[in-house]
Amino acid sequence: MSSQSRIVAAFRRAAVPLAAYYAVTLALPLANGAAQSGARFAAHASLVLVVPPVAIVLACGLYAIGRSVSGWFVRAIQCGSRSGVHSAAPVNRRANIRAHASPATSSLPADPIRG
Amino acid sequence: VKTKFAVVVAAVVIAWALKRHYADARADDLMWILTPTARLVGAMTGSSFTLQPGEGYFSADRLFLIEKSCAGVNFMIAAFGMVVFTVGHRSRTVASAGSVLAVSLLTSYIAAVLVNAVRIAIATWLAAHYLPLSMSSAAVHRLEGIVVYFGGLMLLYEVAQRVDRRASARITL
């Protein structure tokens, strides 16, 4: 999943909480005539409008960083646990299965379909 | 469809009533939400909050007042509307519609107390620690409030959806 599509998915997921938040912090005060307070409400509204979307984008960024860091750790642990193999290359499970199975005894096709 | 429409109307009326009560209430009228919040903040921060009649709950050691505007009623209204929206499809009979509204109200109340207590606990920590920011303490407090309240709504929505999905799966089985 690309970072852009991840952000789009996050916004889709946050649509209901975002709508509820905006309804209470913007729509209700506006309905009660908060717009008459002018600059004060404008400052509040701009902050309330901007911060949640920024928080969503930041959370997506942190999630992506967390995933790549944890993936790097998992790969490093897997590489370290393989005896005699010191490679930083990503572990390919299918390649591992093929490498460890003898061609004469293996009944697995070269690229099995897994259901 | 009629029951679902009735639930939506009832939810709007409850939210409106909550808003009206909050608008007209003094701090003493909001003890139903201020008291558990103050106790929870006290448990989280280790400081004691004492009731100041007409003001709210005050912590002398933190110089922090949990007043009417800190009650979290607006969060409760947002959470209530959101939970009704999430589980509203379950209202098929009058009894289930009543349950949906009651569960939504109770969930939003518990969520409001929890999230508001977390927000105030963070706010007291921020007030006690110097942050090398170019923002005023009021702006930091406001920003923290937006982040915690919105984060709380996101978390509540995820929990409500998961519980709803699990309940649906159990019914299907």
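Is B:R26 buried or exposed? B:R26 turns out to be exposed, with a relative accessible area of 53%, where exposed means over 50% relative accessible area, buried means under 20% and partly exposed is anything in between (1.4 Å probe, protein chains only). The structure here is a predicted model, so local features need pLDDT of at least 70 and side-chain atom pairs count only at pLDDT 80 or more, while totals for chains, interfaces and linings use all residues. Residues are numbered from 1 along each chain as its sequence is written, chains are lettered from A and ligands numbered from 1 in the order in which they are written, and side-chain values use heavy atoms, with hydrogens and water left out.

Take the two chains in turn. Chain A has four helices and zero strands, where helices (H or I, at least four residues) and strands (E, at least two) are DSSP runs numbered from the N terminus. Reading along its sequence gives the pattern α-α-α-α. Of its 115 residues, 21% count as buried. Chain B brings in strands as well: five helices and three strands, in the order α-α-β-β-β-α-α-α. For chain B, 43% of the 173 residues count as buried. Its C-alpha trace spans about 55 × 35 × 30 Å along the principal axes.

Next come the helix pairs. In chain B, the axes of helix 2 (residues 31-45) and helix 4 (residues 94-128) come within 8 Å and cross at roughly 45°. These axes are lines fitted to C-alpha atoms, for helices over the stretch in contact, and angles run from 0 to 180 degrees between N-to-C directions. That angle makes helix 2 of chain B oblique to helix 4 of chain B; angles under 35 degrees count as roughly parallel, over 145 as roughly antiparallel, 65 to 115 as roughly perpendicular and the rest as oblique.

Another pair brings the two chains together. Helix 3 of chain A packs against helix 5 of chain B at an angle of about 55°, with the axes 10 Å apart. Helix 3 of chain A is therefore oblique to helix 5 of chain B. Here too the crossing is a right-handed one.

Now for the charged side chains. Side chains of opposite charge can pair when their charged atoms come close. Over all chains, a search of the whole structure turns up four salt bridges, a salt bridge being a side-chain nitrogen of Lys or Arg within 4 Å of a carboxyl oxygen of Asp or Glu. One of them links B:E158 with A:R13, with 2.9 Å between the closest N and O atoms. This pair joins two chains, because B:E158 sits in helix 5 (residues 137-172) of chain B and A:R13 in helix 1 (residues 3-13) of chain A. B:E158 counts as buried, at 16% relative accessibility, while A:R13 is partly exposed at 48%.

Chain B also has salt bridges of its own. B:R20 and B:D24 meet at 3.1 Å, N to O. Both residues belong to helix 1 (residues 2-24) of chain B, and they are four residues apart, about one turn of the helix. B:R20 is partly exposed, with a relative accessible area of 36%, and B:D24 is exposed at 57%. B:R26, the residue from the opening question, forms a salt bridge with B:D29 (3.7 Å, N to O). B:D29 is partly exposed, with a relative accessible area of 32%.

A:L62, A:I65, A:V69, A:W72, A:F73 and A:I77 make a nonpolar surface patch of about 680 Å². Patches are made of residues with over 30% relative accessible area and no salt bridge, with like charges joined within 9 Å and nonpolar side chains (Val, Leu, Ile, Met, Phe, Trp, Tyr) within 5 Å. Within this group, A:V69 is found in helix 3 (residues 39-81) of chain A and counts as partly exposed, at 41% relative accessibility.

B:A127, in helix 4 of chain B, is exposed with a relative accessible area of 61%. B:A127 and B:R62 are 65 residues apart in sequence and 8.5 Å apart in space, C-alpha to C-alpha. B:G54 lies in the loop between strand 1 (50-52) and strand 2 (56-59) of chain B and is partly exposed at 45%. From B:G54 to B:R39 the separation is 15 residues in sequence and 18 Å in space, C-alpha to C-alpha.

Conventions: Areas by Shrake-Rupley, 256 points an atom, 1.4 Å probe, with all protein chains shown as cover. Left-handed = near helix turned anticlockwise from the far one by under 90°.
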